[in-house]
Amino acid sequence: MKNCEYQQIDPQALPTPTPTPPPHHGNDTEKKKEPRRPRRKWEVFPGKNRFYCNGRIIVARQSGVLPLTLGLILVTSGLFFIFDCPFLVKHLTSCIPVIGGVLFVFVLITLLQTSFTDPGILPRATPDEAADIEKQIDNTGNTSYRPPPRTKEVLINQQVVKLKYCFTCKMFRPPRTSHCSLCDNCVERFDHHCPWVGNCVGKRNYRFFYTFIVSLSFLTAFIFGCVTTHLALSMWFCSDLQSFTAVELVICFFSVWSILGLSGFHTYLVASNLTTNEDIKGSWSGKSGEDVTNPYSHKNIFINCCSVLCAPMPPSLIDRRGFLPADESAQTGSADIELPTLAAKSEINVVGAAFALQKSPSPVPAPCDCHQNSFCA
Amino acid sequence: MATEFHNLQELRHSASLANKVFIQRDYSEGTTCKFQTKFPSELESRIERTLFEDTVKTLNNYYAEAEKIGGQSYLEGCLACATAYLIFLCMETRYEKVLKKIAKYIQEQNEKIYAPRGLLITDPIERGMRVIEISIYEDRGSSGSSSGSSSVSGSTAR
């Protein structure tokens, strides 16, 4: 099982010094001697995500430009506090660093929450469920080739919506769900995969993302305003100016327009209960001439905003920190997958192993207590 | 041969899994969590239709309660936003509280109604809230290979 290629197992989190090695490492003697330690579900997660802190933190495989985002915010804010604040406190008011500090903390916290939260990943279908769906679709039993794309039509608020079948996750995607190819997961209410935060933006972390970009626009506008004031006052008082102020000015000038624009765009999306994905595809704009309306909109801007930003926080469905049942962690190679595997070659083993582990021979379902630990972030 | 199971333990030890039925989601009202109440044909000889529909309707009501958008959820949302959503790390959310109630309800239903009939409901959260999985068991001694071949014990265990 190739889970070590894309997962980071926190060595401090492992309870025993010699954990059960994956089969391809070849340490068979250790496997037979040591009792198997209970493994957590994140260790066998089939998507392309990385986990830290024993499954508490989830990020996409490629962190994108998250370090750049963090660096820009830290550097610009740092320069602002070091070079501009003393001057402005002396000449204007001491509220300036306070406001700046609050905005800065807000931006950092929401950025980290957007990056490290499960965006609403749907766990892949169990073999039984996938087989049941296959049975309903066709009964030919021929699974050696890729069947034509499968869709299912449902009526949502009197609007016909097509649900597509996901070949990787082996299920019909619920409405508004999309499969992210970068993370290799189906994500509920998929908005987009944001390289700046290094994660998908979906149902569970959209509010964090929106708060992040809004507070970032306030922060950049605030710093831009303060820097401009500093420049103006410096010229007035004929005092020296640091070159760093010019750096801040340039960064803020270029970012304030793009971030303000992005905040405005997402405010429009929130008010009409749309996702970036739907807006780009034009799903509800009626381009094809049909009379289509957004079936998810509540037809009221205030209710739309509240349902997107203030709805109860849905739980994480992937149960990262839950334990695998002990008898199933032994069955790593015995999966028989009859369904067509269309994922890349390197993922077939992972998917197969994950399916084997999810297959439940024991009749009693796992106790639900194991979920409680995973309902964080 | 009458299959009579008194509790979940006996179900595990003396029965084998015959089939699984999946109750799909009902998207007619949007993306809120709701399951179809259509009675599957595989369960026709196993359980009364009204009992099954009651279970699914109660589950749907629980999920509706968890996802309800109203005055209280607005306040919670605004408070969470004001604390930069750090409050989610400290407190149990409303949804989680309702999920615990659902888990307890399913456990109770399994013990009282479903296990005596050789059935077992899996909590939808274990299946990504996509399906309600109902496992159908046969007594190991019986020769039936698919559901519906053995007679229902009829003990309601109430």
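**Salt bridges**

I started with A:Arg176, which forms a salt bridge with A:Glu278. The closest N and O atoms of the pair are 2.9 Å apart. I am reading a predicted model here. Next I looked up where the two partners sit. A:Arg176 lies in the loop between β6 (171-172) and β7 of chain A. A:Glu278 belongs to helix α7 (residues 276-281) of chain A.

**Chain A, the open sheet**

I followed β7 of chain A into its sheet. Three strands make up this open sheet, in the order β3-β8-β7, with antiparallel pairing. Which strands stand at the edges? They are β3 (121-122) and β7 (178-180) of chain A. Each has a single partner strand, so one side of each is left without a neighbour in the sheet. I then checked how β3(A) meets strand β8 (residues 185-187) of chain A. Two bridges pair them in the antiparallel sense. For A:Leu122, I found A:Cys186 as the bridge partner in β8(A).

**Chain A, two hairpins**

Strand β4 (residues 151-156) and strand β5 (residues 159-166) of chain A run antiparallel, joined by six bridges. Opposite A:Lys152, I found A:Leu163 in β5(A). β4(A) and β5(A) make a hairpin, with two residues between them. In that turn, A:Asn157 has a positive phi of about 50°.

β5(A) also pairs with β6(A), again antiparallel, through two bridges. Here A:Tyr165 stands opposite A:Phe172 in β6(A). This hairpin of β5(A) and β6(A) has four residues between the strands. A:Lys170 in the turn has a positive phi of about 60°.

**Chain A, transmembrane annotation**

I checked the UniProt record for chain A. An unreviewed entry lists "transmembrane region" at residues 65-83, 89-112, 208-233 and 245-271. I looked at two of these spans. Residues 89-112 of chain A are 88% helix and 0% strand, with end C-alpha atoms 30 Å apart. Residues 245-271 of chain A are 100% helix and 0% strand. The end C-alpha atoms of residues 245-271 lie 37 Å apart.

**Chain B, annotated domain**

For chain B, UniProt gives "domain: Golgin subfamily A member 7/ERF4" at residues 21-133, from an unreviewed entry. I computed 49% helix and 8% strand for this span. Its end C-alpha atoms lie 6 Å apart.

**Chain B, the open sheet**

I then traced the sheet in chain B. The order of its three strands is β2-β4-β3, the sheet is open and the pairing is antiparallel. β2 (15-23) and β3 (119-122) of chain B are the edge strands, each pairing on one side only. From one strand to the next, the twist averages 25°. β2(B) runs antiparallel to strand β4 (residues 132-139) of chain B, and eight bridges join them. B:Ile23 stands opposite B:Ile132 in β4(B).

**Chain B, a helix pair**

Last, I looked at helix α2 (residues 49-66) and helix α5 (residues 94-114) of chain B. Their axes come within 9 Å and cross at roughly 170°. Are the two roughly parallel or antiparallel? Angles over 145 degrees count as roughly antiparallel. α2(B) and α5(B) are therefore roughly antiparallel to each other. The contact residues divide into 14 nonpolar, three polar and four charged. From α2(B), they include B:Leu51, B:Phe52, B:Leu59 and B:Tyr62. On the α5(B) side, I noted B:Val98, B:Leu99, B:Ile102 and B:Tyr105 among them.

How values were computed
Residues are numbered from 1 along each chain as its sequence is written. Chains are lettered from A and ligands numbered from 1 in the order in which they are written. This is a predicted model: local features need pLDDT of at least 70, side-chain atom pairs count only at pLDDT 80 or more; totals for chains, interfaces and linings use all residues. Side-chain values use heavy atoms; hydrogens and water are left out. UniProt positions are given in the numbering used here, feature names are shortened, and annotations may be inferred rather than shown by experiment. Axes are lines fitted to C-alpha atoms, for helices over the stretch in contact, and angles run from 0 to 180 degrees between N-to-C directions. Angles under 35 degrees count as roughly parallel, over 145 as roughly antiparallel, 65 to 115 as roughly perpendicular and the rest as oblique. Contact means heavy atoms within 4.5 Å. Ala, Val, Leu, Ile, Met, Phe, Trp, Tyr, Cys and Pro count as nonpolar, Asp, Glu, Lys and Arg as charged, and the others, Gly among them, as polar. Two strands pair if DSSP finds at least two bridges between them. A salt bridge is a side-chain nitrogen of Lys or Arg within 4 Å of a carboxyl oxygen of Asp or Glu.
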